[in-house]
Amino acid sequence: MSVNLSKNGAALTAAYKEVVDVKSDTNWALFTYEGNTNDIRLAEKGDGGLEEMVEELSSGKVMYAFCCVKDPNSCLCKYVLINWTGEGVKDSRKGQCANHVISMGNFLRVRCPCDHQCTGRG
């Protein structure tokens, strides 16, 4: 079953825009599912970088983190999508959510939401 990004679309889009807005202090947003549905909701957002965001990851959930990470050489923002699957997530749920990372990457405008061997990088 596909992921539902429209139910909470306004909140998801607002969080995305905060992360990419250079005038905003928000540098990460964390998304998860509403219960056992495929409806994505905003779980949390913050301005404390990856260190703060990691504290919000749940061992019992599948989550998607969208983060702005500053390149130390150029000081430019690099946007990262992290697909988190906690160790407490049931195998059946892992299977249901496996392909949702592609939809999340498209929604968050991540250029290539896949592994380092992707041929789509350019």
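## After helix 4

R109 follows helix 4 and has a positive phi, near 60°. Helices here are DSSP runs of H or I with at least four residues, strands are runs of E with at least two, and both are numbered from the N terminus. The model is predicted: local features need pLDDT of at least 70, side-chain atom pairs count only at pLDDT 80 or more, and totals for chains, interfaces and linings use all residues. Residues are numbered from 1 along each chain as its sequence is written, and side-chain values use heavy atoms, without hydrogens and water.

## Helix 4 and its buried side

Helix 4 spans residues 100-107. H100, V101, M104 and G105 are buried there. They lie on the same side of helix 4, because they cover an arc of only 140° around the axis. The arc is taken from the directions between the helix axis and the C-beta atoms. Buried means under 20% relative accessible area, exposed over 50%, and partly exposed in between, with a 1.4 Å probe and protein chains only.

What do the buried residues of helix 4 pack against? Their partners are strand 1 (28-33), strand 2 (40-46), strand 3 (62-70), strand 4 (77-85) and helix 3 (91-97). Contact means heavy atoms within 4.5 Å.

The 4 strands form an open sheet in the order 2-1-3-4, with antiparallel pairing. Strand 2 and strand 4 stand at the edges with a single partner strand each, so one side of each has no neighbour in the sheet. The twist averages 20° from one strand to the next. Two strands pair if DSSP finds at least two bridges between them.

Strand 1 pairs with strand 2 over 6 bridges, and L30 has E44 as its bridge partner. These two strands form a hairpin with 6 residues between them. In its turn, G35 has a positive phi of about 55°. Strand 3 and strand 4 share 9 bridges, one of them joining K70 to C77.

## Strand 1, enclosed

How many residues of strand 1 are buried? The count is 6 of the 6, so strand 1 is largely enclosed by the rest of the structure. Side chains in a regular strand alternate between the two faces of the sheet. W28, L30 and T32 are buried on one side of strand 1, and A29, F31 and Y33 on the other.

## Helices across the sheet

Helix 1 (residues 9-20) lies across strands 1, 2, 3 and 4, at about 30° to strand 2. Helix 4 also lies across strands 1, 2, 3 and 4, at about 155° to strand 4. Axes are lines fitted to C-alpha atoms, for helices over the stretch in contact, and angles run from 0 to 180 degrees between N-to-C directions.
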